[in-house]
Amino acid sequence: MGELTKTSWRNDAVAKVTGKTKYTDDIKVPNALHAVPVYADHVHAVLRGIDTQAASEAPGVVRVITAKDIPGANRQGQIVKDFRTFADDRIRCHGDVIAVVVAETREQAIHAAGFVQVDAEPLAPILDPEEAMREGSTLVHEELGTNIINTHHVRRGNVENGFRQADVTIEQDFRTQWIEHAYMEPEVAICIPRPDGVMEVRGSMQHPFSTRRFVASLLGAPLADVEVVGVPMGGGFGGKDDTAALVCARAALAARLVGRPVRMMYRRDWSIRESYKRHPYRVHYTMGLTKEGKIVAVRCRIVADGGAYCSVTPWVTWRSTVQCCGPYDVPNVHCDTFGVYTNNPVTGAMRGFGSPQMNYVIESMIETAAERLGISSLDLRRKNMVRQGTTTITGQKLDDHTVAMEQVLDAVVKEIGYEEKLKKNARGAGEAEEMYGIGLAMSYRGVSLGSEGVDFCAAMINVQADGSVIIETGVHENGQGAEAAMILLTAKELGLDPERIRYRQSSTSVIPDSGTTVASRGTIMGGGAMVMAARELKAKMAETAAPMLGCTAADVRFDKARLYAATGSAAIPFNDVITAMFKQKKFPHAFGVFRAPTTSWEEEHGQGRAYFTWVYGCQAIELTVNRRTGKVKLLNAVAAHDVGTAVNKGMLEGQFFGGMAMGIGYALHEALDVRDGKIMNSNLNSYRIPRSMDMPQMKAIIIENADPQSPSGAKSIGEPTNELMAPAVANAVYNASGIRYTSLPIRPKPAEGGAR
């Protein structure tokens, strides 16, 4: 069965490609009402009152709900409870919801929403994070006494001494942009008040357990009185946590107040207006190097615009801080990071989670430094990269897994012919209209939550009397293929065909809270728990089978739907052992838990074992820049990542290509047009994501070094593939045009010829 895990397989493929999959909006519930959000056209204002009379009297309207109707807590949040489910005292951003209209039809609800009147006193918005940090600045949340959400630091060595040792010092400012997750399925929820008193919630959200917390808190109900049931999702990319949970909570409140099922489905413009984005960063970075190319000091200051509410800004910026020097061994580091409240769109979790911004900065600096020193950027990387036994900038020794940094770099360099193609770089010279360039970037990424959270996950296996198998985990299927990964790992461990294993969609009332399905933790944490459950089941089955096989339980082996003695030819069908267990009044049922190995963190100096293991990756891209039009044409891209153990090769390659495509969008296409706190391009016809014809040829190189700390040997890949393409593109554009772009997205101007 080991070879089976190397093939492409997906349990829900047929249903999805034939259109049979039922997403949340496809679920039909009799007697359901429709709810829609109401916004006010303010970015920052004191909220004096909301007049719902006219809307309440509109045709079909059943109820108009505002903050005063909440029986529980209005303020929610995963770290700081500052997120208003309904605006109550102030409007703090353009996406604040002031009311929800509930009506017999969706059209009636949308029509009535226009009759809700808001009495508000406009306030000057705080839109610049640097200004927001200054003393005396208007506060977004007066009760907090500051606009600084959080600070993080790294202090290693003596940075002043380090810069004195430097022969070359490079200093540069960088900026990155807000971007939209652009999932295909907008936020949608349907909530059903059940006769047993439980509020049943089905929705397009990637964290059933935080959704349950938000709903229960808003309703003032115990967690056990809310059941969130998993539903197939049309993408999330980190964007369906806080916002999607709030949508579910508002729909649940409406259902509770009217005593009928309520459906709430967002339009694209509501989704883009209200949902959180990737943080825009401002980074001031200084790097000191010896003339031989050794990095001796780094000083950096990172300012992240958190928007109006905290969301997970402290966790996002913590990862940026831990990885502020990229995959390089730097002896002297001084890093200060700030997350800041403004009245801009809210920012939060997005694929990459604080690393795409910093990798763009660091890998741009590496190329600049190499050119300044007159040495190869590959040589510079190899002189400084982390290796087996290296101590990271936070004091973590990398000696308990394979440090594959050089392995992934070498794989990409060889596959794309990097060193030979460097000679073709135009650097803005020559007369050709198309200027060629090739660029590369590499990274290491801490796996799963690390010290930013409590990291453990549960799984269950329930073998039926006929030998068929039902499994469930605490991670969520967001569209990434988590279910298939769990099935394949179970099949491999038990020696079964995956077709006999059925994955049960998770429910918060059945499986323990296993944390959010973010941080690329689905396969490593969920899969780890699944393997632990399978091993527990095997131990139970082996106790029953051992007397039948004439061996000890420890000598029983599982393969090809049979149980064997380690020595000899005796074998018993898997199903016969299950039958024997039922006759002996033993349940073939197992519960497994994977607890992530211990991590640590000391906040003042930014030191500790930040993550229990790391993923190593490298990506390169070839492109041309049109000297006359500025158009960037992508030719070829290669990525190599050490995934630990590959579980499902086809899905793995899909993660590679999808991550690279999103990275290309971040590099060249995507940017929210935010003016005075309002998003101007609030639909996908004006927010530019890459199209299929924008993509280059792409190749995925899967590097496998089984991780000894992972029960399955697998690590993570969802986010690593997304964090490297922007710096690779930036370096390639420089090598084509001779222009170093220090802000994203990169958009060479027509006839610039690279001359900016």
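Which residue in E27 is the bridge partner of isoleucine 621? The bridge partner is alanine 637, and the points below place this pair in its surroundings.

1. Basis of the note. This is a predicted model, in which local features need pLDDT of at least 70, side-chain atom pairs count only at pLDDT 80 or more, and totals for chains, interfaces and linings use all residues. Residues are numbered from 1 along each chain as its sequence is written, and side-chain values use heavy atoms, with hydrogens and water left out.

2. Confidence. The mean pLDDT (the predictor's confidence in each residue, from 0 to 100) is 95 for the protein, and 98% of its residues reach 70 or more. Residues 1–5 have pLDDT below 50, and this stretch makes 15 contacts in the model beyond near neighbours in sequence. Contact here means heavy atoms within 4.5 Å.

3. The four-stranded sheet. Helices (H or I, at least four residues) and strands (E, at least two) are DSSP runs numbered from the N terminus, and two strands pair if DSSP finds at least two bridges between them. An open sheet of 4 strands has the order E18-E26-E27-E30, with mixed pairing. Its edges are strand E18 (434–446) and strand E30 (697–704), each of which pairs on one side only. From one strand to the next, the twist averages 10°. Within this sheet, E26 (residues 614–626) and E27 (residues 632–644) are antiparallel and share 9 bridges.

4. Helices on the sheet. Angles run from 0 to 180 degrees between N-to-C directions, with axes as lines fitted to C-alpha atoms, for helices over the stretch in contact. Helix H12 (residues 405–416) packs on the sheet and touches E18, E26, E27 and E30, its direction making about 25° with that of E26. Helix H18 (residues 725–737) also packs on the sheet; it touches E18, E26 and E27, and its direction makes about 155° with that of E18.

5. Helix H12. The 12 residues of H12 reach 17 Å from first C-alpha to last, close to the 16 Å expected at 1.5 Å a residue; the expected span is 1.5 Å times one less than the number of residues. Among the buried residues of H12 are Met405, Val408, Leu409 and Ile416. Buried means under 20% relative accessible area, exposed over 50%, and partly exposed in between (1.4 Å probe, protein chains only). The cover over the buried residues of H12 includes helix H11 (377–384) and helix H13 (418–421), as well as E18, E26, E27 and E30. Glycine 417 follows H12 and has a positive phi, near 65°.

6. Asparagine 731. This residue lies in helix H18 and counts as buried because its relative accessibility is 0%. Its side chain reaches the backbone oxygen of glutamate 363 at 3.4 Å. Not counting residues up to four places away in sequence, asparagine 731 touches several residues, including Glu363, Arg381, Ile438 and Arg740.

7. Glutamine 480. This residue is in the loop between strand E20 (469–473) and helix H14 (482–494). Glutamine 480 is partly exposed, with a relative accessible area of 24%. A polar atom of its side chain lies 2.5 Å from the backbone nitrogen of asparagine 478. Beyond residues up to four places away in sequence, glutamine 480 touches Arg10, Thr517, Met651 and Gln655.

8. Strand E2. E2 (residues 45–51) runs antiparallel to strand E6 (residues 90–91), joined by 2 bridges, and valine 46 has arginine 90 as its bridge partner in E6. E2 also pairs with strand E8 (residues 117–122) in the antiparallel sense, over 6 bridges.

Technical notes. A polar contact is a pair of N or O atoms within 3.5 Å; within protein, one must be able to donate a hydrogen and the other to accept it, and residues adjacent in sequence count only if both atoms are side-chain atoms.
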